[in-house]
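Subject: Structure for your review

Dear colleague,

Please find the structure below, together with its sequence. My findings follow it, and I would ask you to read them with the model open.

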Amino acid sequence: MVLLHVKRGDESQFLLQAPGSTELEELTVQVARIYNARLKVQRLCSEMEELAEHGVFLPPNMQGLTDDQIEELKLRDEWGEKCIPSGGSLFKKDDVGRRNGQAPNEKMKQVLKKTIEEAKAIISKKQVEASVCVTMEMVKDALDQLRGAVMIVYPMGLPPYDPIRMEFENKEDLSGTQAALSVIEESEAQLWWAAKELRRTKKLSDYVGKNEKTKIIVKIQQRGQGAPAREPIISSEEQKQLMLYYHRRQEELKKLEENDDDSCLNSPWADNTALKRHFHGVKDIKWRPR
């Protein structure tokens, strides 16, 4: 199995294994699918952290309004009255004005937070350092864990306009958001390796050969964005170590230049006539007046 280290730009994403005989059409779609699914988990974790702190989403026409404005306009959060967390709620006002402030109790909050941490660990970029390959099944498992936690805390479900529910139902609208810039459509995805585009019409072995123990760094890119930057010859950590070595070497040379003390020349080992006097038998003769 060829080991692929998938990156977006210079940032590591995940590891993936694939046979050399894999069609690049299939591989590109698989990489893009895992990449986008990891982004979905990240978005869900972010929103669920807000859910644990401030409750469900307010209706779009009530978001950002003050209590006085809501009362003046006679607006009502009907879904907020239905979507009560298990065990009751604790009021914690959302300063941003996106959520209704009816947060779950401490026990239910911990259920959400624990599940969020577990899901983040599954898709973490630290999996690359641990040499753990990520599969679509693992990412789906993270999504299922998050879905299950929300169902435990909110058995009545969430409002249809809540971004968490929309993510679970694949109805999310990311247009105009920063998150939309990170998503890569499967049909528009490209894989690059060694400054070459891995064309979908070929197989992986056409580029990396038939050695199944090969490890390569591939970069996922949106079609039309051009070739990604080449990998540096040395890593940032190696560059730091190299700079540290040269800094220490310069300090050592600087100290040697400053040390111009020549008192060592009076030492016995520095006497260049010592050998001659030794053979003449006059090594330790001392002269003193009678």
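Two strands are said to pair if DSSP finds at least two bridges between them. Please keep in mind throughout that this is a predicted model.

E5 pairs with strand E7 (residues 215-222) in the antiparallel sense, over 4 bridges. Within this pairing, glutamine 190 has glutamine 221 of E7 as its bridge partner.

E5 also runs antiparallel to strand E6 (residues 196-197), to which 2 bridges join it. Here tryptophan 192 stands opposite glutamate 197 of E6. The two strands E5 and E6 form a hairpin, with 2 residues between them. In the turn of this hairpin, alanine 194 has a positive phi of about 50 degrees.

Is strand E5 mostly covered or mostly exposed? It is mostly covered, since 4 of the 5 residues in E5 are buried.

A patch of negative charge is formed where Asp67, Asp68, Glu71 and Glu72 gather. One of these residues, glutamate 72, belongs to helix H2 (residues 67-73). Residues count as exposed when their relative accessible area is over 50%; glutamate 72 has a value of 66% and is therefore exposed.

The other feature is a nonpolar surface patch of about 590 Å², made by Ile233, Ile234, Leu242, Tyr245 and Tyr246. Of its members, tyrosine 245 is located in helix H9 (residues 236-258).

Yours sincerely,
A colleague

How values were computed. Residues are numbered from 1 along each chain as its sequence is written. This is a predicted model: local features need pLDDT of at least 70, side-chain atom pairs count only at pLDDT 80 or more; totals for chains, interfaces and linings use all residues. Side-chain values use heavy atoms; hydrogens and water are left out. Patches are made of residues with over 30% relative accessible area and no salt bridge: like charges are joined within 9 Å, nonpolar side chains (Val, Leu, Ile, Met, Phe, Trp, Tyr) within 5 Å. Accessible areas come from the Shrake-Rupley method with a 1.4 Å probe; for residues, only the protein chains shown count as cover. A salt bridge is a side-chain nitrogen of Lys or Arg within 4 Å of a carboxyl oxygen of Asp or Glu. Lys and Arg count as positive and Asp and Glu as negative; His and the chain ends are not counted. The place of a charge is taken as NZ of Lys, CZ of Arg, CG of Asp or CD of Glu. Buried means under 20% relative accessible area, exposed over 50%, partly exposed in between (1.4 Å probe, protein chains only).
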